[in-house]
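Me: I would like to learn how to read a protein model feature by feature. Could we go through one together, with the general idea before each case?

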Amino acid sequence: MAGSLETGSTAPEFVLSGGVLRDGYFARGAYRLDTGRARPLVLAFYPQDNSSVCTKQLCSYSSGLEQFTELGAEVWGISPQDIDSHEEFARTNNLRMPLLSDPDRTVAKLFGIAAPGVGLRRSVFLIAPGGRIAWKHAALVGLTWQPLEKLTTELALL
């Protein structure tokens with residue numbers, strides 16, 4: 001596994017398919033990270049739809065989505081499962097942020113968090129306007145995640 005990207009470096013550009021649950025409809029589309037972004041972005045990489053820890057993590061971020069929005073930030077969840085799995089996960093748990101599909105772990109590899117066996121390391125990257133990685137956390141063991149309060153504190157520093 002390549003090393004994880006460092007804070008201060010430019011996030012790699014990518015396009016992934018994904019979808020977001022809005023008013024009972026799961027809107028599918030392409031999501032693009034480019035260095036010309038004007039708003040902060042939280043990239044939450046998680047190993048598996050519907051697993052216990054991932055469900056708790058994404059539900060926490062979804063229930064606190066207004067706190068991210070108040071700071072001008074978007075939140076995207078990224079995992080290797082396909083979009084149909086993401087739709088079921090979003091509907092079951094009323095997740096309100098886009099869930100992106102990285103089936104070949106191409107983006108996880110670009111960010112240096114692909115891991116044999118589990119697919120990817122549970123990680124969060126805060127991308128500042130302009131594409132700079134402002135803060136990151138890559139878990140050694142994926143049983144815990146960065147809480148909403150920590151992420152909003154770091155976002156407020158941008």
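**Reading the cysteines, the sheet and the cores**

Reply: Let us begin with burial, where a residue is called buried under 20% relative accessible area, exposed over 50% and partly exposed in between, using a 1.4 Å probe and protein chains only; Cys54, at 1% relative accessibility, therefore counts as buried. Keep in mind that this is a predicted model, in which local features need pLDDT of at least 70 and side-chain atom pairs count only at pLDDT 80 or more, while totals for chains, interfaces and linings use all residues. Residues are numbered from 1 along each chain as its sequence is written, and side-chain values use heavy atoms, with hydrogens and water left out.

Me: How many disulfides does a search of the whole structure find?

Reply: A disulfide is a pair of cysteine sulfur atoms within 2.5 Å, and the search of the whole structure finds 0 of them. For Cys54 the closest cysteine sulfur is in Cys59, and because 11 Å lies between the two sulfurs, they are too far apart for a bond. Cys59 is likewise in no disulfide, and with 26% relative accessibility Cys59 counts as partly exposed.

Me: In what order do the strands of the open sheet lie?

Reply: Strands of a sheet pair through backbone hydrogen bonds, either parallel or antiparallel. Helices (H or I, at least four residues) and strands (E, at least two) are DSSP runs numbered from the N terminus, and two strands pair if DSSP finds at least two bridges between them. Here 7 strands form an open sheet with mixed pairing, and their order is 2-1-5-4-3-8-9. Its edge strands, strand 2 (25-33) and strand 9 (133-138), each pair on one side only. From one strand to the next the twist averages 25°, where axes are lines fitted to C-alpha atoms, for helices over the stretch in contact, and angles run from 0 to 180 degrees between N-to-C directions.

Me: Which residue stands opposite Leu43 in strand 4?

Reply: That residue is Trp76, and the two strands concerned, strand 3 (residues 41-45) and strand 4 (residues 74-79), pair in the parallel sense over 5 bridges. Phe45 has Ile78 of strand 4 as its bridge partner, and Ile78 in turn has Leu100 of strand 5 as a bridge partner. Strands 4 and 5 also run parallel, joined by 3 bridges, and strand 4 is mostly covered, since 5 of its 6 residues are buried.

Me: How do strand 8 and strand 9 run, parallel or antiparallel?

Reply: Strand 8 and strand 9 run antiparallel and are joined by 5 bridges, with Ile127 standing opposite Ile133 of strand 9. Their hairpin has 5 residues between the strands, and in this hairpin Gly130 takes a positive phi near 95°.

Me: Which residues have the most contacts inside the largest nonpolar core?

Reply: A nonpolar core is a set of buried Ala, Val, Leu, Ile, Met, Phe, Trp, Tyr and Cys residues joined through side-chain atoms within 4.5 Å. The largest one has 24 residues, and Val42, Phe68, Met97, Leu99 and Leu151 have the most contacts inside it. Strand 3, helix 1 (52-63), helix 2 (65-70), helix 3 (83-93), strand 8 and helix 5 each give two or more residues to this core. Contact means heavy atoms within 4.5 Å, and, leaving aside neighbours within four places in sequence, the contacts of Phe68 include Val42, Tyr61, Leu148 and Leu151. Another core, of 21 residues, lies apart from the largest one, and among its members are Phe45, Leu100, Ile113 and Ala114.

Me: What span should the 12 residues of helix 1 have?

Reply: The expected span of a helix is 1.5 Å times one less than its number of residues. For the 12 residues of helix 1 this gives 16 Å, which agrees with the 16 Å between its end C-alpha atoms. Among the buried residues of helix 1 are Val53, Cys54, Leu58 and Tyr61.
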